[in-house]
Amino acid sequence: MVTVKKHKLTEITVVGDDDTGLIANVTSLLFERGINIEDLDQAVREGVFRMTMHVDTSEMVCTEEKLREDVDELSDDLGVDIQVRFPAERETQTMAVLVTKESHCLEAIFESWANGDLGADVSVVIGNHPDLRPLAEKYDVPFHDIGDEKGTPDEDHMLDLLQEYEVDLVVLARYMRILSPDVVFRYENRIINVHPSLLPAFPGASAYMQAIEEGVRIAGVTAHYVTTDLDQGPIITQRAFNVPDDASEEELQRIGQPLEAEALIEAIKLHLNDAVSVHRGRTKLRDDLDTGDVQLGSPEVLDDANPDRPIDGLGEIVANQGGEESEADD
């Protein structure tokens with residue numbers, strides 16, 4: 001398992017209706033309490049405002065409890081949701097798994113958790129259909145069906161559950177619904193999805209069929225952070241495979257599903273161990289990380305199978321060497 005030193009910054013998220021003065025009110029509260037803002041990012045999507053800050057609370061002039069009280073009071077005054085996550089609130093992180101009907105990724109998560117390899121507790125499974133309830137019950141994990149008869153999820157109920165179970169990470173284990181900005185903004189860079197294509201190619205539904213229709217020879221899967229842009233979030237891990245001639249969608253699913261599970265588990269572990277960061281829409285491994293056992297893409301053995309020449313410039317070098325030998329012979 002990848003292990004690195006956890007960052008010691010407190011994360012503060014602000015989500016609510018867009019309005020003037022939100023940033024100033026929150027940053028002023030922090031400044032008055034001796035809290036230094038190390039990083040601030042804000043965005044608005046579909047009228048929903050989101051601000052994420054990473055702050056240094058090591059020298060603040062109040063207790064953690066008092067800061068929470070002040071933040072809650074400001075949250076009520078502004079009509080927004082403000083969450084504070086201190087770095088040492090819990091030794092073991094918790095995760096929620098969102099599912100629909102496909103079981104392979106959830107099964108892989110449970111197996112890794114049961115083997116002690118995951119690095120977090122699976123605290124709850126949330127589905128928009130009840131199909132995977134028996135699998136959750138097998139591992140004695142609470143299951144909540146938040147979908148109606150058509151599978152349309154109640155996101156307010158989802159947010160209540162995520163807060164109730166104090167979730168650190170949300171994993172989409174083939175959850176076949178698009179999350180609204182109201183959910184994504186509250187868990188920015190804390191929602192991981194796995195998609196059955198080598199993104200950015202073939203986003204959206206029926207990715208394996210898209211690959212067949214486009215006639216690609218190599219397809220794959222991608223685990224990525226979820227943003228408000230469909231299947232466009234920062235990529236964490238990928239796996240690739242050859243597409244057989246005349247392959248059906250079912251055949252590609254049989255090839256791809258084990259790789260979906262593998263890529264997702266790798267991405268979860270990297271995130272939980274704070275081994276990957278996001279900067280300007282791209283992920284990067286921490287500089288102090290030993291990457292010897294990390295597989296972000298295809299196995300290294302494939303690198304050895306690829307040719308290493310010709311490349312630009314080699315032809316000129318060879319030509320010059322030949323000319324020098326000819327002059328020497330003369």
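Tutor: The C-alpha centres of domain 1 and domain 2 lie 29 Å apart, the bounds coming from an automatic or database domain assignment that gives 10–85 for domain 1 and 94–285 for domain 2. To the contact, defined by heavy atoms within 4.5 Å, domain 1 brings 15 residues and domain 2 brings ten residues.

Before going further, note that this is a predicted model, in which local features need pLDDT of at least 70 and side-chain atom pairs count only at pLDDT 80 or more, while totals for chains, interfaces and linings use all residues. Residues are numbered from 1 along each chain as its sequence is written, and side-chain values use heavy atoms, with hydrogens and water left out.

Between the two domains about 1,000 Å² is buried, and carbon and sulfur atoms give 47% of that area; buried area here is the accessible area, taken with a 1.4 Å probe, that two parts lose on being put together, summed over both. Of the area that domain 1 buries against domain 2, 46% is supplied by Arg45, Arg50 and Arg85, more than any other three residues supply.

As for charged pairs, the rule for a salt bridge (a side-chain nitrogen of Lys or Arg within 4 Å of a carboxyl oxygen of Asp or Glu) finds five across this interface. Arginine 190 forms a salt bridge with glutamate 11, with 3.4 Å between the closest N and O atoms.

The side of domain 1 that touches domain 2 takes at least two residues from each of E1, strand E2 (36–45), strand E3 (48–56) and E4, where strands (E, at least two residues) are DSSP runs numbered from the N terminus. Strand E1 (residues 10–17) and E4 run antiparallel and are joined by five bridges, pairing being assigned if DSSP finds at least two bridges between two strands. Within this pairing, valine 15 stands opposite aspartate 81 of E4. In a regular strand the side chains alternate between the two faces of the sheet. In strand E4 (residues 81–85), Ile82 and Val84 form the covered face, whereas Asp81, Gln83 and Arg85 form the uncovered one.

Definitions and conventions
Buried means under 20% relative accessible area, exposed over 50%, partly exposed in between (1.4 Å probe, protein chains only). Helices (H or I, at least four residues) and strands (E, at least two) are DSSP runs, numbered from the N terminus.
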